[in-house]
Amino acid sequence: MTTSSLVIRSMRNCELTACSLTFVPLLSLEWMMNSLLDIVRDNGSPPPLAHLAFKFLYIITKVRGYKLFLPLFPHEVGDLQPVLDMLVDQNPKDSETWETRYMLLLWLSMICLIPFDLARFDGNIISEEGHARMPTMDRILKIAKCYLVVSDKARDAAAVLVSKFIVRPDVRQKRMADFLDWTLSMLSKSSFQTMEGTVVMNGMLQALAQLFKHGKREDCLPYAATVLECLDNCKLSQSNQMVLRKLGMKLVQRLGLTFVKPKVAKWRYQRGCRSLAANLQAQGSVVQNQIITVPANEADDEEEYDIPAEIENVVEQLLVGLKDKDTIVRWSAAKGIGRISGRLPKELADDVIGSLLDCFSFQETDNAWHGGCLALAELGRRGLLLPSRISDVVPVILKALTYDEKRGACSVGSNVRDAACYVCWAFARAYDPAELIPFINQISSALVIAAIFDRDVNCRRAASGTFPHGIEILTAADYFAVGNRVNCYLTISVYIAGFPEYTQPMIDHLVNMKINHWDSVIRELSTKALHNLTPRAPEYMANVVLPRLLPLSVGTDLHTRHGAILACAEITHALCKLAEENNRYKCKIILTINFPFMSGLLKKVRKLIAFLLLTISGGWQWLINDSLRSLSLVSITLNTKSEIFLLFLVTQYVSELRNTEEMIRCGFSRALGALPRFLLKGRLQQVLEGLKKVTLISPADVSFAESRRDALIAIAKVCQTVGVKGEGSEEEYVCKDNITQIYATLFTAVTDYTTDSRGDVGGWVREAAMTSLMEVTLLLVQNEAELINANICKQIMCWLAQQSAEKIDKFRAHAGSVFLTLLHFDHPPVPHIPHREELERIFPRSEKETLNWNAASEAFPRITQLLGLPTYQYYVLLGLSVSVGGLTETTVRKYSAQSLFDYMKKIQNDSSAMESFCETLLKVFEDNLRNDRVSVPLLTMLDQMLANGCFDIFTMQENHPFSVKLFTLCKEEIKRSKDIRKLRSSIGVFCGLIQFQGDMREKVLFQLFLLLCHPFPVIRKTTASQVYEMLITYSDVVDPAIMDEVMAILSDTNWEAELPVVREKRNCLCDLMKVPKPQLVSKAPSLGSQASTAYNPFCKLIRLKNSGISI
């Protein structure tokens, strides 16, 4: 075996991955390339092997990049003709061998660099037949042109070939002008509005961009103006093709670099020596003295030359490109701005910077801000942004670091903030620290704030840069630490606030930018962060922040109001705890706030306290209670008793639960759940009744799932607040008189399967109901467990078992978690759990935390074991029906079905278990008849079970009751149905029932033949197809003598044809298989319409003869 064969075999066996290739040394790459090229050069290698070798070469090229890989190609004179011959033999339209063509073109582009005139390879160009052979130069050019207009990866390699080939001295003199004419002609004729035109323009633009990149300026300059004019006429900025706009931007900047002389701007800023060793050895003052400065008169000595007029057009296009909708186009334009500015005189470059700063207007989009930041970073990195401009740039960058614009349900600006961090990094590397001293506090504060408070993890990581106390801060806020947003807001922020220069800016940022954020998670985290930061600046919080928040808490903007209310609550709580620690009177901090406005303050505070009821808890509840008793209502005199206000408050909250706006219901439901005990005392039944009505579904509020969810959460909170007392009053406690009502409300909510345009919104209600069931049950268990009777506990566990078997991972996981929590609760145990011992064996206590209910492969093998427990069988089977018969092939459907089939195999020989299972299955079907949420997937599940032989034990018994009842239910389910999916699923069930012996076969065939003439063509076609498969599977159904004729009718008939044609074929099948033919029966005509009724097709029904069943 040769070395090359070993390489191929080893690469196949080891499945060489991109990750491993990244670390392969250059010498090893060269050895691998030579080994693979040996296979290609071997004339005895079969074409598939050569293609495989090129495929491996392409994988290596893709990982390491063609620029690194290109010099490793052998480029001897002897390689030219073989490579050309191999390219000629290739088929440009073969989609299986594009890697071969790509690598051959790259190889040829390297061979083209041989330092010999290509005319020497032509020799005697007259062939033996007397025909002139094409010169080598023209052959290569023809190949390049051919592959510049293909749609695969070979086009990119052809552009590289052009850039290497056309710039050769001999080719440049003879073919460059012609090639550029051909390229511009192809560009002019093509349109980016067609797919073919897009492909051609892509190849032409790549070729031109590569050519103007690698060609000498003096060679390309005569053609640059013409190419720019042609490019302008193409109007690529109007194209929807991102790649075309990017290539157009690359070509524009290359043309701009061709127009101006290649020189390094003498006016640019140069920081000087930045060697780490030199900085460590030298004193700071010495290092600063090493900065290279440009003498004032040096600009006068600069060589004077004219800037072509085309540069203005180029710069204008690049500035427009900074606002493009795609990042790669903006990035290419930014690099072009940097490169061209480095060749312009100082005054013109400064004009470019002035135009660039116009991108940072709030009338501009986030795209313009992002492109502007990228361009500023490029200019700063290259030293083209002079220190005199820093004062103009820094304010812009500070705004960009917090740029966040709301768009619909989300926001834009993360790319702007990330690019702004890149600008700061570029400035830190480009400028001497002395230049940035006036701005260092502003920049560092903004970066620290971005590093810990930005919503996006990539921006937080990008902002973790260099600033004062950098080492200490970066130790706490390293790359991995800032990846956790909660950790940033609640832990790292407290540490950084210990540095005085950052404390106030951090607090101001949270108050100004984050508590009114569109994302509720950010608002809540911000208020918690303010709570944690309060001990760092208590006086500032009390005297400045709180007075600023109070008017915001009663403002019109919903986000601002929500954030301000939470912030007031959190800061007040923190000040209260701080006063407690310092043994100060708790109210003193609040009452001594220096409010800048006193008029109307009581009214605002009263409103604020009503909102704060949503957030209060714990030891400072007395403060709000006392305030409620002290503050007067505008419509009541100052001497009115506070009880009137409290009664009015609860009554008003309950009355608002019937509001026609869902969000108002949500708010007042949550408010009732947050009320303290003294407000609920004597009014518990009123509150529970009001919340119960919110959880009920009516036609007017069927989509109010969020209000039902919040009402269920509030019921559990209210129960926890008032406590349990078995013999107590139902107006004050959870007791024996109201516990049944509470559980009935929660059980009803578990069956909420409402769907709308948002999806399964009823899932939110079910999730809240399960949580509330757990909380109320544990509350009763820990106080008076005797209030939980056996029936209630059975219903709880059965409903949870059903939810644990359903298809949506999130809700299944929540149900499973609640199920195991109740099962394994020990303080004390939950009483009356059915089959506790068996459940503890199926779900061991040791796996309570480790069992992953989200993973279908772990959850369903466990939950299907509950089918063997009579109490749970019905509910688990109900949940499994939806999972097994799901609409799409998912892991849930796969593992749920497999787990069900495994269970069925275990009980196949147990007739009593099978009878019980089938009885329960039919009960589920009967209870959910015409309930499409259950019946449609149930039909699909029955189809799979019949196909997998789950009922084989009954198939040999004639007219088994299971098959008879199932057949009847299926007919009833599809009666007058127009649901395509339901009808298709029923066809599979009918075909599966054919395996049962007795009269069932004739009934099934009759039903299937009815469906062969269904009004829907797709149902007729599906029925014929499945009947065909059924007859192949169960060959004993049809007499072998007529089998071929029956199969021919089923397969050859166009079942989507007109009904009279199809009916004739169907009747033929009925005659062959001795099945009664369905007959068309006319309705009895009404008086006065006998003449017309006989000819009215709508007055006819297909009736099942002798059975009275119609479709």
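Residues are numbered from 1 along each chain as its sequence is written. In this predicted model, local features need pLDDT of at least 70, side-chain atom pairs count only at pLDDT 80 or more, and totals for chains, interfaces and linings use all residues, while side-chain values use heavy atoms, with hydrogens and water left out.

**Stop 1: the whole chain.** Show it as a cartoon. The protein chain has 57 helices and four strands. These are DSSP runs numbered from the N terminus: helices are H or I with at least four residues, strands E with at least two. Of its 1111 residues, 51% count as buried. Buried means under 20% relative accessible area, exposed over 50%, and partly exposed in between (1.4 Å probe, protein chains only).

**Stop 2: contacts along the chain.** A contact means heavy atoms within 4.5 Å. Of the contacts with a separation of 6 or more, 69% join residues 24 or more positions apart.

**Stop 3: M242.** Select it in helix α13, residues 242-259. Is M242 buried or partly exposed? M242 counts as partly exposed, because its relative accessibility is 32%.

**Stop 4: L900.** Move to helix α47, residues 891-906, and select L900. L900 counts as buried because its relative accessibility is 0%. Now show its neighbours. Leaving out residues up to four places away in sequence, L900 touches T864, L867, L880, V884, F917, M941 and M945. Pick V884 and draw a distance. L900 and V884 lie 16 residues apart in sequence and 8.3 Å apart in space, C-alpha to C-alpha.
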